[in-house]
Amino acid sequence: MPYRAGRHFLQIPGPSNVPDRILRAMDQPVIDHRGPEFQALARRVLARIGPVFGTTEPIVIFPSSGTGAWEAALVNTLSPGDRVVMYETGHFATLWSRLAERLGLRPHLLPGDWRRGARADAIAEALAADRAHEIRAVCIVHNETSTGAVSDVRAVRAAIDEAGHPALLMVDTISGLASVELRHDDWGIDVTVAGSQKGLMLPPGLGFNAVGPKAREAARTATLPRSYWDWEPCLDARETGSFPYTPATNLLYGLDEACAMLAEEGLDAVFARHDRLAEATRRAVRTWGLDIQCANAAEHSPVLTGIRMPDGHDADALRAAILERFDMSLGSGLGKVASRMFRVGHLGDFNDLMLIGTLSGVEMGLAVQQVPHSRGGVQAAMDYLTGNA
């Protein structure tokens, strides 16, 4: 292929761009993962990552994708045939449900329209009907990456409590962590699932479970098979710095740096930055005259914006043209919305000028592909950003 000048714009909603500081932090010789240097690193990382989850409870780190962390959450707490309530917020909620079914669980995926977050009232109805308390867990996706909708975790927790139901609350915040506010302890989450490649600004390869006391108690009697995903051998790592298997050493160097960067900016400032860039993006979309996939403004994601194409126009053709002409990758539509929408990621190590470059590429692509739109979306975003420092 011919040489292409400048940096490629990776504007998918994860994996996100890895900042230079983290790249340099990972650029280290491999060390002895049984030695004192690694043990000090592990203890430091496990202490630093807690505030990012909003927890003082243990966090288990697996060398895995987020899918592995999904599986770990289920196999540590549940037994074959257990009923699980999930909510169909989009593609990733659906995939988690399918994984649960393959493990021998009985997931009930409450139907959704892929344009909103999880409905706490629908979950409450399912729990109220379960007088025998056969439902063992409620699993929701905090930030649905396929659609750009955020679910109200606190409302779901309240629904469980008001029903007087003992079900565990498990929350997938794989794309939300360090970009959207989430408080594991204060919000009463029993297991929080996350990954390294989104708001933590790392390459893929680390999966996380933040584990509350109720979940640890459930693990004592759960009988789904588990070996690699077993929490128990991992829980001592906070004190010992020793993992029960070979850890992803250099990714942990990167995680250490990522935690430092988040602490330097401050998590509240990180969340505000994401909110601000997301609002600028939505103003551009509205000016173009296009529809946002998430139909409820109160649930709009700070991580990404899903953009619906006009009838008769293919989102994948637009993405291909933007990649070819402007060397920018955008997220595809997944599952039910494949080819009907595309996704703009605005997460991680991301600022105003990066966003304006991204939106410029989209606006030029719309023109190249002759997608009906009004010009001026980039200008609307710039006006918002300059007026809201």
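**Exercise 1.** Find which elements the buried residues of H5 pack against, and which face they line.

*Solution.* The buried residues of H5 pack against strand S3 (83-87), strand S4 (106-110), strand S5 (135-141) and helix H6 (153-162); contact means heavy atoms within 4.5 Å. Helices (H or I, at least four residues) and strands (E, at least two) are DSSP runs, numbered from the N terminus. This is a predicted model, where local features need pLDDT of at least 70 and side-chain atom pairs count only at pLDDT 80 or more, while totals for chains, interfaces and linings use all residues. Residues are numbered from 1 along each chain as its sequence is written, and side-chain values use heavy atoms, leaving out hydrogens and water.

Next, list the buried residues (under 20% relative accessible area, with exposed over 50% and partly exposed in between; 1.4 Å probe, protein chains only). In H5 (residues 120-128) these are Ala120, Ala122, Ile123, Ala126 and Leu127. Down the axis of H5 they fall within an arc of 160°, so they line one face of the helix; the arc is that of the directions from the helix axis to the C-beta atoms.

**Exercise 2.** Classify the ring pairs Trp70 with Trp96 and Tyr228 with Trp229.

*Solution.* Rings of Phe, Tyr and Trp (its six-membered ring) pair if their centres lie within 6.5 Å; planes under 30 degrees apart count as stacked, over 60 as edge-to-face and the rest as tilted. For Trp70 and Trp96, the centres are 5.8 Å apart and the planes at 10°, so the pair is stacked. Both Trp70 and Trp96 are buried. For Tyr228 and Trp229, the centres are 4.7 Å apart and the planes at 85°, so this pair is edge-to-face.
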